Amino acid sequence: MNKRYGMSVDIDKCTGCGACMVACAVENNVPPAGAGVTGRKGITWLRVYKIDNGEEYPERRSAFVPMLCQQCGVETPCVHVCPQQAVEVDPATGIVGQMPERCLGCRYCMAACPYHARYFNWWDPVWPPGMEKTLNPDVAPRMRGVVEKCNFCHGRRHRAQERAAATGQRDIRPGDYIPACVEACPTGAIRFGDLNDPASEVAAARRQDGSFRLLEKLGTDPKIYYRSRREWVRQIAEAPKPGGKENARA
Amino acid sequence: MTTRRDLFKIVGGSAVGLLFTPAPWRLIADSALWSENWPGIPRPARGEIRTRFTHCGLCPAGCAVRARCVGEQPVSLAGVEGGLCPFGVAGHHLPYHPARLKQGDRQAAAAAVAAVSEAHGTVALLDLRPGRTASWTYRRAMAALPHGVYLAPEEPAFAVDLAKAKTVLSLGAPLLDGWGRPSRVFAARSGFRLIQAEAVESRTAALADQWLPVRPGAEMALGPAVAAARSDALQSRDREGVPGAETNNAPLAYGAPTGPGSEALQSRDREGAVGAGAILDAPFGHGAAREGAVGAGAILDAPFGHGAAREGSAGAKTNAPLANARGSDVLGRGALRSRDREGAGVAQITGLAQEQIAQMARELRDNGPALILGREMTSEVLAWNVRVGAWGKTVGPREEAPVPHEWRKAAPVTPLPQVADGSLQALIIDESSAGARIPWADIQPKLAPDAVVVLLACARNGYAEHATHLLPTPVYPEALDDLPAPVDAMASEFRLSTPLVPAPEYAVDPVEFVSALAGLDAKDALRRRADAIHRAGRGRLIAYADGKSVPVKDLKPEEFWKALASGAEWIGEESRGPVPRIAPAASPRIAPAAVPGIALAAAPRIAPAASPRIAPAAAPGIAPAAATTPPDAAWPFFLAAAEESGGPLVSPLLSKIYQESRLRLGPHRAALNPHSGFAEGSRAAIETRYGRRIVEVTLDAGVPPGMVLVAGCGAGLEACRVVRI
């Protein structure tokens, strides 16, 4: 049976520490930003947004929303617009993969992504001298001119598959494969697993009260489930980008 | 028949048509990619993948770390018991940080200190992370010098157990953002209700069950105020003749210690010894102790040195045993009236309603065990915890891990305020490990005019600008060091931050440098300490590699040491004992801290950011406050330290959170309230009486009006002005 990997994010547990962002960059060999690089041109496969209830001090309340590729399962916008077939949905896992070797750099996929979760390599990847020794051997750095995004740490999945194969198993056992952000999260706000497995934590989390998906109305079947007990937090489900101006309440 | 004209048409049409296909663009792109591939794209190292264990040395929390290595080179770090903080996740980048110090004249520095020592001048060593084996070596070295002084910030003489708490009142402590060991804090989080009293909506405030937005700098005022409000409730009940009020409320209202050690404490109090009262007496250097009072009632009424104890409370006079004390018996009517006035004053200082404070007190009483946390875990915080009955439940003593007997002859720990001004001819500062930060404004007066200052550091952004000699040190994960137990560890601990990569040749080991000055051989100090722990035979060894927990007595010394060096952790037994004696605060730190334009009574000053976790890097141009002046027309803002910046060096990859996502306040940004008159992204100069810094303005509605937050400035509260540029 095919897997359908997904994530659950408990916004009420997220402290916005940023450990997931840094762990993601370490795992996937994303370089540090050069001087002057802003959020628009930087590369953060996973970005934590700070949102608030729109009130003034001292009534203001904040929350943190980790935002990554939502791994759309149906009518995946980036797949549809890519002229190079550089984006594919893996039917065995449900993961939307990006192949930089095929990418033309046209950035149609960035324009099509309703979640703004794709990033373009404007510059060569550069690490401070000596720091390239710390690169993850399972992930190749991407060159200038291609788009990249979260792929649920495909390097880890390959490692887990190799380990499983070495022990004579066909499938990866739950827990043998978790993305770097899940492993790094100190509060346990991010969970990962197979949505097709009813016993998995993510499958249980999506059935909980207060669970929602971002822009579910688009019908793209995103596989990232968020959860919050706070009503004003759940309103981000209708917004194209958490904390953006588009999300401003009247 | 095809003509030549047709041929031209076909060729021309094909050329034009080709432009509308991806082919030429693909060719251009591929050419560009090929051209990009040859020189610059780094190739990750290949080799055998190994897993090694160590402990993160970036902060006193000392999280257990599992390092994935290619050969000997770590390529990723992960937590063992839970996640790591963002600084720890990228800790293996630090040896390659471009801003790392790489030069220093070790011989010149050693000669300068030796010259002072030979001339019988006073040589002092400032240890910013006390409690390590290195600290014992420093103390031994200072004892060996003719006039050696060992300086260190105050360490909490107690530990807290969050797992047993049901209600936690945090007075500005960054409980969910770098306080204690993250794995313990978040494992316990679902078990307690968190009330966060803080002026700014910090990460902890955002995730707290209840956030109380108090006035800037007034957080610590709530500690005694909560107790005072609770006592009011008790008096009311007494008046109404509520049955059982005495038995139900006395322990809470008067801090009668329960659990281990309570009898000893009561006995000591009966004997007239200075017990809990001495702890509680003078939260800010005034109060009952000065007046000679030792009872709990005295403490109750002296939140900031203006209480009933000074006026002669009944508690102070009677010196009643704590456990048997009853509100009206101990305090008397006069004291209560005084306390009422204090409650109103504290409400005014904090900006909270008296009923809110009373409600908080009731919550601490009714939903116990309770725990009060301060930004710094000082003796005052311990005192308040004793008052809420936390001693022996959520707060308790913790012994230090055993040390070799012969080390006990080391130099004592001298608090900096006890050093005479102008008396230090040479000062060595170990800044290699992030720890508490003491403002230079507090250090500088202690130095003689021509004093030698030797700084052992890995970067230039701390005390470097004040040093006469700067020596580069190893950084995590190059340095071998042990880690003192964090404040949330009830049992003593011993764990090593084992190097994952070798230190470069230019790096000077601080312990080696200091011990050489005193002629000590301290190379095997950690091993000797481990042997001493093994000889004591207590506790267990937890090996993360296999998850096994083995009693120390079942191990041979060599096995014990080998396991520790491989990333295992020794955990001792929880201590049981009476409330420790704690001297009153060395110097009063009282400064007005109010919203500009509102004149208030004296409020406690936030001590400069000596977080138990990570020392913020000093901001160039802005010195920490020595004393705060109230905001006025010339200094209309309060400058406050925002979040911790992760120590003197952070991985360049932290650009993800400081620069690209702006998730945290970066070192050159300042946060202001949207109604402060500044535009998002505009540039401004923050001016204090110590200097000036140019910042980019970030508007944040979680910052109260009249306050400006700057990351890593190392300041508590400081009056400042913000100038548009």
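Visitor: Which residue just after α18(B) takes a positive phi?

Guide: B:G389, with a phi of about 75 degrees. Bear in mind that this is a predicted model.

Visitor: How many residues of helix α18 in chain B are buried?

Guide: As a general idea, an α-helix has 3.6 residues a turn, so residues three or four places apart point the same way. In this case helix α18 (residues 379-387) of chain B is mostly covered, and nine of its nine residues are buried. Among them are B:E380, B:W384 and B:R387.

Visitor: Now a strand. How many residues of β17 in chain B are buried?

Guide: In a regular strand the side chains alternate between the two faces of the sheet. For strand β17 (residues 491-497) of chain B, seven of its seven residues are buried.

Visitor: Which strands pair with β17(B), and in which sense, parallel or antiparallel?

Guide: Strands of a sheet pair through backbone hydrogen bonds, either parallel or antiparallel. Strand β16 (residues 481-482) of chain B runs antiparallel to β17(B), joined by two bridges. There, B:D482 stands opposite B:L496. Strand β20 (residues 569-574) of chain B is also antiparallel to β17(B), over four bridges. In that pairing B:A491 faces B:E574.

Visitor: What is the strand order in the closed barrel of chain B?

Guide: The six strands run β23-β27-β24-β26-β25-β28, and the pairing is mixed. On average, neighbouring strands of this sheet are turned by 45 degrees against each other, direction ignored. For one pair in detail, take β25 (residues 683-688) and β26 (residues 691-699) of chain B, which are antiparallel and joined by six bridges. B:I686 has B:R693 in β26(B) as its bridge partner.

Visitor: Which salt bridge does B:R692 form?

Guide: Its partner is B:E687, and the closest N and O atoms are 2.9 Å apart. B:R692 counts as partly exposed because its relative accessibility is 45%. B:E687 has a relative accessible area of 16%, so this residue is buried. Elsewhere, salt bridges that share partners make one network of B:E81, B:R181, B:R184, B:D488, B:E493, B:R495 and B:E569.

Visitor: How many salt bridges are there over all chains?

Guide: The count comes to 52.

Visitor: What does the salt bridge between B:R528 and B:E406 tie together?

Guide: The two side chains meet at 3.1 Å, N to O. B:R528 lies in helix α21 (residues 525-536) of chain B, while B:E406 is in the loop between β11 (395-396) and β12 (413-414), so the pair ties together parts that are 122 residues apart in sequence. B:R528 is partly exposed at 23% relative accessibility, and B:E406 is partly exposed at 44%.

Visitor: Which residue forms a salt bridge with A:E183?

Guide: A:R156, with the closest N and O atoms 3.0 Å apart. This pair links distant parts of the chain: A:E183 belongs to helix α5 (residues 180-184) and A:R156 to helix α4 (residues 154-166) of chain A, 27 residues apart. A:E183 is partly exposed, with a relative accessible area of 21%, whereas A:R156 is buried at 10%.

Visitor: Why does A:C103 count as buried?

Guide: The cut-off for buried is under 20% relative accessible area. A:C103 counts as buried because its relative accessibility is 6%. A:C103 sits in the loop between β5 (96-98) and α3 (108-112) of chain A. From A:C103 to A:P83 is 20 residues in sequence and 8.8 Å in space, C-alpha to C-alpha.

Visitor: Which residues make the nonpolar surface patch of about 590 Å²?

Guide: They are B:V16, B:L19, B:F20, B:W25 and B:I28. Helices α1 (4-19) and α2 (23-37) of chain B each supply at least two residues of the patch. B:I28 is placed in helix α2 of chain B. With a relative accessible area of 51%, B:I28 is exposed, because exposed means over 50%.

Visitor: Which domains are assigned in chain B?

Guide: The assignment gives domain 1 (4-36), domain 2 (51-96), domain 3 (106-156 + 401-574), domain 4 (159-397) and domain 5 (598-725). The C-alpha centres of domain 1 and domain 2 of chain B are 52 Å apart.

Conventions
Residues are numbered from 1 along each chain as its sequence is written. Chains are lettered from A and ligands numbered from 1 in the order in which they are written. This is a predicted model: local features need pLDDT of at least 70, side-chain atom pairs count only at pLDDT 80 or more; totals for chains, interfaces and linings use all residues. Side-chain values use heavy atoms; hydrogens and water are left out. Two strands pair if DSSP finds at least two bridges between them. Axes are lines fitted to C-alpha atoms, for helices over the stretch in contact, and angles run from 0 to 180 degrees between N-to-C directions. Domain bounds come from an automatic or database domain assignment. Patches are made of residues with over 30% relative accessible area and no salt bridge: like charges are joined within 9 Å, nonpolar side chains (Val, Leu, Ile, Met, Phe, Trp, Tyr) within 5 Å. Accessible areas come from the Shrake-Rupley method with a 1.4 Å probe; for residues, only the protein chains shown count as cover. A salt bridge is a side-chain nitrogen of Lys or Arg within 4 Å of a carboxyl oxygen of Asp or Glu. Buried means under 20% relative accessible area, exposed over 50%, partly exposed in between (1.4 Å probe, protein chains only).
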